[in-house]
Amino acid sequence: MKLKQRVVLLAILLVIFIFTKVFLIDNLDTSAANREDQRAFQRMLAGLRVALDPRLEHTLQSPWEIAAQWVVPREVYPEDTPELGAVMHAMTTKRIIKADVGYKGTQLKALLILEGGQKVVFKPKRYARDYIVEGEPYAGYDRHNAEVAAFHLDRILGFRRAPLVVGRFVNLRTEIKPVATEQLLGTFMTVGNNTCFYGKCYYCRETEPACADGDVMEGSVTLWLPDVWPLQKHRHPWGRTYREGKLARWEYDESYCDAVKKTSPYDSGPRLLDIIDTAVFDYLIGNADRHHYESFQDDEGASMLILLDNAKSFGNPALDERSILAPLYQCCIIRVSTWNRLNYLKNGVLKSALKTAMLHDPISPVLSDPHLDALDQRLLSILATVKQCTDQFGPDVVLVEDRMTLSHL
């Protein structure tokens with residue numbers, strides 16, 4: 001073989017070697033990250049069943065102290081939570097020592113103080129499980145069971161950004177009225193043989209009370225976040241106008257996401273990707289009412305978007321409100337870890353996982369089968385939307401490596 005041919009051959013082999021090495025290293029890095037996603041998914045599946053057990057081993061702390069210590073800038077509770085069942089058991093059984101009207105808002109709720117000084121938000125049952133909420137996607141009363149289901153979906157998606165929620169039955173006559181403030185007590189009434197109350201809120205009306213079955217009312221309790229983590233409220237960039245005939249800019253401007261990317265805190269840090277995650281979460285549960293959102297104060301965009309107030313969800317299983325996904329299909333970006341998790345949940349895994357997660361809740365069954373079926377169908381729509389984005393822009397642009405290493409700062 002001539003010298004020139006040998007040089008050319010060596011050059012070709014060198015190029016092949018370099019490309020092979022780069023490809024293998026890239027694949028090893030990617031597959032290592034994907035393997036960690038897979039392991040995290042398997043850990044989540046293994047820990048889905050949460051038995052409400054009062055025992056707290058290896059600690060002298062109260063359930064409330066444990067839950068307060070879980071909260072960090074990027075998560076409300078950690079991935080590994082062996083004490084979760086004990087905390088939720090306390091939420092559903094601890095004696096109520098004070099009851100007041102709920103904090104400001106549009107929907108009926110009560111603020112309860114449980115033994116040990118822990119605040120929780122109580123949302124009463126307003127609908128049967130199979131009731132279909134007609135009209136706009138944000139219509140109707142809050143759904144207490146939606147709060148429970150949304151919390152467990154947050155666990156399944158691996159976000160861990162929703163405060164703890166569990167179902168609870170309360171006796172309004174013996175547990176609430178004796179410890180109620182005058183303001184709350186003044187809203188109690190009897191309708192037929194049922195004890196009812198209408199509370200204080202923007203849409204609370206004496207003509208539209210929430211009523212117990214006799215004296216016992218089904219509802220949900222949401223754990224109040226620790227006071228050392230004050231919240232800051234933000235207008236959601238994809239919020240609705242709620243005015244007939246008036247569209248928000250994102251509803252008619254195809255380049256809207258480009259404008260969002262130029263404004264703080266969406267021009268840097270994790271917040272825009274949190275918005276995308278939240279759009280995925282809200283589309284799955286059918287929540288078209290996230291006009292505002294909360295983060296921790298003075299975070300400069302680094303802390304998470306907290307998934308509070310998910311009760312305008314699971315209203316109509318036949319309604320898939322695609323506009324909820326606008327942040328995803330307008331920005332065409334999504335976290336690789338979120339994308340991996342969604343793919344793991346295909347083929348009925350999501351429905352099965354959520355049923356398993358909610359099995360031990362005191363108000364189980366939490367959702368009707370049509371709502372569970374709707375989750376699997378909506379998941380397919382999300383995957384198809386991301387596929388359209390990757391077909392148009394390529395996976396390197398759409399799939400963003402942001403695995404949120406800020407969780408323990």
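**A guided reading of the model**

Thr338 counts as buried, because its relative accessibility is 5%; buried means under 20% relative accessible area, exposed over 50%, and partly exposed in between, with a 1.4 Å probe and protein chains only. This is a predicted model, in which local features need pLDDT of at least 70, side-chain atom pairs count only at pLDDT 80 or more, and totals for chains, interfaces and linings use all residues. Residues are numbered from 1 along each chain as its sequence is written, and side-chain values use heavy atoms, with hydrogens and water left out.

Thr338 sits in helix H10, residues 336-344. Helices (H or I, at least four residues) and strands (E, at least two) are DSSP runs, numbered from the N terminus. Leaving aside residues up to four places away in sequence, Thr338 touches Phe159 and Asp277, where contact means heavy atoms within 4.5 Å.

The protein as a whole has 13 helices and 12 strands. Its radius of gyration is 24 Å, close to the 22 Å that the globule rule gives for 409 residues, so the protein is as compact as a globular protein of that length. The radius is taken over C-alpha atoms, and the globule rule is 2.2 Å times the number of residues to the power 0.38. Along the principal axes, the C-alpha trace spans about 105 × 60 × 40 Å. Of the 409 residues, 51% are buried. Among contacts between residues at least 6 apart in sequence, 73% join residues at least 24 apart. The protein exposes about 20200 Å², and carbon and sulfur atoms supply 53% of this area; accessible areas come from the Shrake-Rupley method with a 1.4 Å probe, and for residues only the protein chains shown count as cover.

Next come the strands. An open sheet is formed by 5 strands in the order S1-S2-S3-S8-S4, with antiparallel pairing. Its edge strands are S1 (96-101) and S4 (165-171), each of which pairs on one side only. From one strand to the next the twist averages 35°; axes are lines fitted to C-alpha atoms, for helices over the stretch in contact, and angles run from 0 to 180 degrees between N-to-C directions. Two strands pair if DSSP finds at least two bridges between them. Within this sheet, strand S3 (residues 118-124) and strand S8 (residues 216-223) run antiparallel and are joined by 5 bridges. Opposite Val121 stands Thr222 in S8. In a regular strand the side chains alternate between the two faces of the sheet.

Another antiparallel pair is made by S9 and S10, joined by 5 bridges. Arg235 has His292 in S10 as its bridge partner. Strand S10 (residues 292-296) is mostly covered, with 4 of its 5 residues buried. The loop between strand S9 (231-235) and helix H7 (256-260) holds Tyr252. Tyr252 counts as exposed because its relative accessibility is 56%. Tyr252 and Arg126 are 126 residues apart along the chain, and their C-alpha atoms are separated by 35 Å.

What span does helix H12 reach from its first C-alpha to its last? Helix H12 (residues 369-393) has 25 residues and reaches 37 Å, close to the 36 Å expected at 1.5 Å a residue; the expected span is 1.5 Å times one less than the number of residues. Just after H12, Gly394 takes a positive phi of about 95°.

The remaining features concern the backbone in loops. A cis peptide bond joins Ser264 and Pro265, with omega of about 5°, and Pro265 lies in the loop between H7 and helix H8 (271-285). A cis peptide bond also joins Ser364 and Pro365, with omega of about 5°. Pro365 is placed in the loop between helix H11 (349-358) and H12.

Two residues other than glycine have positive phi: Asp309, at about 55°, and Asn347, near 60°. Asp309 lies in the loop between S10 and helix H9 (326-331), and is partly exposed, with a relative accessible area of 40%. Asn347 is found in the loop between H10 and H11. With a relative accessible area of 77%, Asn347 is exposed.
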